[in-house]
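Colleague: Could you walk me through this one before I look at it on my own?

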Amino acid sequence: MKTHWPNQTENKAASTAQSQSNENDRAPLGYAAVEDLSRHTSFGIGGPAEFFFTPAGRSQLIETARRCREAGLPTYALGKGTNLLVSDEGVKGAVISTAGLQNIEANDGTITADCGVGLPRLIALAEERGLSGLEPLAGIPGSLGGAIKMNAGTASRCIADVIKEITLLTPDGGVFCIGTAEADFGYRCSGLDGAIVLSATFRLLPSDRRRVAQSVRAHWQRKAEKHPTTQASAGCIFKNPPGNSAGRILDHLGLKGAVEGGARISEKHANFIINCGRAKAADVKALIRRAREAVLSVRGIILELEIEVW
Ligand code: EPU
């Protein structure tokens, strides 16, 4: 996590963005005493959050985070939960869902959207306006905030490639507007850990609407052919080691179809673990351990997790 952000009072773009708060912000802070996180992850796995908040807009989210900070609660931002494994014990502290932050608008070759907006909705608007750049991300199910934190992408494009600026909330409550250089993006990572992405602006290229639509369909189709997109998973489990594919390595080691409890390594793509119905986080962790041990002992490669674990 970066520690030196620009001076907040000098950051005009951030304060402008902050003042455009959603009118829903006057609604009471959404609060549930205990919430089962399996309902909020694409894996369908996870114990309860001690405190669960669903702020209705940006200023409520900032206020919720402030209260949690003052109460000394560890705080986790939750987008669509598509790249996340939550332990069976759940989470001690506060989980703040970004689902209520849904503003999105297109302007002069850019799109600005809140962190809770799903990538499919962002891509649909780009397609509607004939704006090119996001097509290779078609089929990635996450929210914009989560996708930016982990620099989601494919082999040919990552989300950082099309970001103009990001507005974020730092752990000590500052709201800053930063460019991509300051976000320290890398392969499936950023320097934004600990901060909450509030919104982002994407710089896109004006193009032919039909051509953008065709490209989006082609990327969707390719993903559906290669990945088990209709089953409960968290996307690729491991990062690819340099110059290789974790899926190919696991496949060659015969790990497709390996089972632990209710979790199974996908027969379609070996870097996916599927919840076959009643998987526990412990089952997924056991499969992860098994896969890593096999790859280390046979190939001498340490596989790094791509998913986040709470
Ligand atoms: N392969 C196998 N067996 C498998 C899986 C893959 O032999 O079980 C082979 C494929 O045939 C191909 C090669 O491995 O020759 C690479 O496979 P693929 O094209 O599926 O790409 P990947 O390296 O496994 C990466 C990203 C995906 C992204 C695809 C497509 C990572 C960890 N994964 O996968 O991203 O969709 O490229 O661009 O970087 C994700 O981040 O969650 C994710 C799914």
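Predicted model: local features only at pLDDT ≥ 70, side-chain atom pairs only at ≥ 80, totals over all residues.

Colleague: Fine, in which order do the five strands of the open sheet come?

Modeller: The order is β7-β8-β12-β10-β11, with antiparallel pairing, and the edge strands, each pairing on one side only, are β7 and β11, the latter spanning residues 175–178. On average, neighbouring strands of this sheet are turned by 15 degrees against each other, if direction is ignored.

Colleague: How many bridges join β7 to β8?

Modeller: Four bridges join them, with β7 covering residues 104–107 and β8 covering residues 110–114, and the two strands run antiparallel. Within that pairing, Ala106 has Ile111 of β8 as its bridge partner.

Colleague: And what about the turn between β7 and β8?

Modeller: The two strands form a hairpin with two residues between them, and Asp108, which sits in the turn, has a positive phi of about 45 degrees.

Colleague: Which residue of β11 stands opposite Ile166?

Modeller: That is Ile178; as for the strands, β10, residues 163–169, pairs with β11 in the antiparallel sense over four bridges.

Colleague: Switching topic, which residues come nearest to the ligand?

Modeller: There are 17 residues around the ligand, and of these Thr154, Gly235, Cys236, Gly247 and Asp251 come nearest.

Colleague: Which helix gives the most to that shell?

Modeller: Helix α6, which runs over residues 246–252, gives the most, contributing four residues.

Colleague: And how does the shell split by class?

Modeller: The shell around the ligand has eight polar, five charged and four nonpolar residues.

Technical notes: Residues numbered from 1 in each chain as written. Near = placed C-beta within 6 Å. Nonpolar A, V, L, I, M, F, W, Y, C, P; charged D, E, K, R; others polar. Pairing = 2+ DSSP bridges. Axes fitted to C-alpha atoms, helices over the stretch in contact; angles between N-to-C directions.
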